[in-house]
Amino acid sequence: MSRRVVRQSKFRHVFGQAAKADQAYEDIRVSKVTWDSSFCAVNPKFLAIIVEAGGGGAFIALPLAKTGRVDKNYPLVTGHTGPVLDIDWCPHNDNVIASASDDTTIMVWQIPDYTPVRNITEPIITLEGHSKRVGILSWHPTARNVLLSAGGDNVIIIWNVGTGEALLSLDDMHPDIIHSVCWNSNGSLLATTCKDKTLRIIDPRKGQVVAERFAAHEGMRPMRAVFTRQGHIFTTGFTRMSQRELGLWDPNHFEEPVALQEMDTSNGVLLPFYDPDSSIVYLCGKGDSSIRYFEITDEPPFVHYLNTFSSKEPQRGLGFMPKRGLDVSKCEIARFYKLHERKCEPIVMTVPRKSDLFQDDLYPDTPGPEPALEADEWLSGQDAEPVLISLRDGYVPPKHRELRVTKPNILDVRPPSGPRRSQSASDTPLSQHTLETMLGEIKALRERVEAQEQRITALENMLCELVDGTD
């Protein structure tokens, strides 16, 4: 009788656990817009969630530590005239976030480390170039201030946020709605999926489709695609019979899949969240109440099922924490922020280990907050892998880094000539926009204090009158 050999993997026993109730974010009116984005973005400092808002689109940006019930008057980030469809934090500045909207614009915002007194209504810059709604945003993984947007006009635009100009426009590659766009690890290629059922690998600087595969999944419902560490493409989609399906593809041999697995029957599009450090992909369907995760390896069957985290409540969206925001002392390898109808709940993925020491095998050096290239260097044809950092001593987010404004609505974050060095908050000059904002906050606080003092004086007078009356 032959014994079944169990595959060796340090991730075989990864388990998911919802955070305790006091670690959740309560009373958040999550957006009800029908759109297949994650509605949530998170980094080591902030949690951003697209929310319901009258008269336009809005999202809320909460410091990670602000758990518990969120005040209904907590300031929002408002400025779009239509619903916000996607948000994405800049990987190189934890205080900068981009938002895309039904109103055809992209806005880039600076979120202060302190809690603002009123809604943030003035973006640092507004990017206009799409003729229909903008539903997808993605920052370049290694080049400073490079942002990609994809709209309902079937156009992909790559922007230099530092100057407000469109660097590249890919407007004749997709004949129909673009469902997803993903950069590879050094930002030299894009993987896109489209309503025409074609998976494309695009070199954006050459403006060429370098490889494509029609009907990677035969169903008509939307496909998603992400690059893996090995340069393969992991996809989710549907079979002709509407079964959900996952696939792994080698762009150099698109004729046959490396792996193709049927999953289940459900309408929800599976959103893949890929961690290149562990080569684990987490599959989360909107409307599902589970997160399934798989390890991608070089051994058949190449995509190995690990486990499923299940809960009672369906998810409205999910945020995925970058590796530098995890708690390495607890062997956390992933953290999700699951959106319910009225709250956001952290879900932690952990590898059980007995030792309290730093686990080198779980935490290889990971991309840090420093860009490897400037925008013009990338545009000229240079490529660079992400600048890596060690998590051995944990990660402390840098203080608020101001994006200097040289003229209205134009950012300038180019470092001074000479050797590159990181700037601290103390030696970065504040922009006119920030100074005006801070002065406005101070004025508003003074007005509130004066109003409270007047109220106290009035109450004291009433109390004196009452005391005199009883005498």
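Biologist: In which order do the strands of the open sheet of 4 strands come?

Modeller: In this predicted model, the open sheet has 4 strands in the order β3-β4-β5-β7, and their pairing is antiparallel.

Biologist: Which are the edge strands?

Modeller: The edge strands are β3, residues 40-42, and β7, residues 77-80. Each of these pairs on one side only.

Biologist: By how many degrees are neighbouring strands of this sheet turned against each other on average?

Modeller: The average is 20°, with direction ignored.

Biologist: How do strands in a sheet pair in general, and through what?

Modeller: Strands of a sheet pair through backbone hydrogen bonds, and the pairing is either parallel or antiparallel.

Biologist: How many bridges join β4 to β5?

Modeller: There are 6 bridges between β4 (residues 46-51) and β5 (residues 57-63), and these two strands run antiparallel.

Biologist: What stands opposite Ala48?

Modeller: Ala48 faces Ala61, a residue of β5.

Biologist: Let us turn to cavities, then. How many of 30 Å³ or more does a search of the whole structure find?

Modeller: The search finds 3 cavities of 30 Å³ or more.

Biologist: Which element gives the most to it?

Modeller: β12 does, with 3 residues. By class, the lining of the second largest cavity divides into 6 nonpolar, 3 polar and 1 charged.

Biologist: Arg133 is in that lining. Which residue forms a salt bridge with Arg133?

Modeller: Arg133 forms a salt bridge with Asp102, and the closest N and O atoms are 3.6 Å apart. Asp102 lies in the loop between β9 and β10, and Arg133 in the loop between β11 (125-128) and β12, so the pair ties together parts that are 31 residues apart in sequence. Asp102 counts as partly exposed at 33% relative accessibility, and Arg133 is also partly exposed, with a relative accessible area of 36%.

Biologist: How many salt bridges does the structure hold?

Modeller: The structure holds 20 salt bridges. One of them joins Asp27 and Arg342, with the closest N and O atoms 3.9 Å apart. This pair links distant parts of the chain, 315 residues apart: Asp27 is in the loop between β2 (25-26) and β3, and Arg342 is in the loop between β29 (332-339) and β30 (343-350).

Biologist: And which residue meets Arg205 in a salt bridge?

Modeller: Its partner is Asp383, at 2.6 Å from N to O. Arg205 lies in the loop between β18 (198-203) and β19, and Asp383 in the loop between α1 (375-379) and β32 (388-389), so this pair ties together parts that are 178 residues apart in sequence.

Biologist: A change of topic: the backbone. What holds for most residues and peptide bonds?

Modeller: Most residues other than glycine have a negative phi, and most peptide bonds are trans.

Biologist: What is the phi of Thr104, then?

Modeller: Thr104 has a positive phi of about 80°, although it is not a glycine. Thr104 is in the loop between β9 (96-101) and β10 (105-110). Ala215 is not a glycine either, and has a positive phi of about 55°. The place of Ala215 is in the loop between β19 (208-214) and β20 (224-227).

Biologist: Is Ala215 buried or exposed?

Modeller: Ala215 counts as buried because its relative accessibility is 14%, and buried means under 20%. Thr104 counts as partly exposed, at 23%.

Biologist: Which peptide bond is cis?

Modeller: The bond from Pro300 to Pro301 is cis, with omega near 0°. Pro301 is in the loop between β26 (290-296) and β27 (303-310).

Terms used: Residues are numbered from 1 along each chain as its sequence is written. This is a predicted model: local features need pLDDT of at least 70, side-chain atom pairs count only at pLDDT 80 or more; totals for chains, interfaces and linings use all residues. Side-chain values use heavy atoms; hydrogens and water are left out. Two strands pair if DSSP finds at least two bridges between them. Axes are lines fitted to C-alpha atoms, for helices over the stretch in contact, and angles run from 0 to 180 degrees between N-to-C directions. On a 1 Å grid over the protein atoms alone, a cavity is a set of points where a 1.4 Å probe fits but cannot get out, and a pocket is an open set with protein on both sides within 12 Å along at least five of seven lines; lining residues have an atom within 4 Å of a point. Grid points are joined across faces, edges and corners, and a volume is the space filled by probe spheres set on the points. Ala, Val, Leu, Ile, Met, Phe, Trp, Tyr, Cys and Pro count as nonpolar, Asp, Glu, Lys and Arg as charged, and the others, Gly among them, as polar. Buried means under 20% relative accessible area, exposed over 50%, partly exposed in between (1.4 Å probe, protein chains only). A salt bridge is a side-chain nitrogen of Lys or Arg within 4 Å of a carboxyl oxygen of Asp or Glu.
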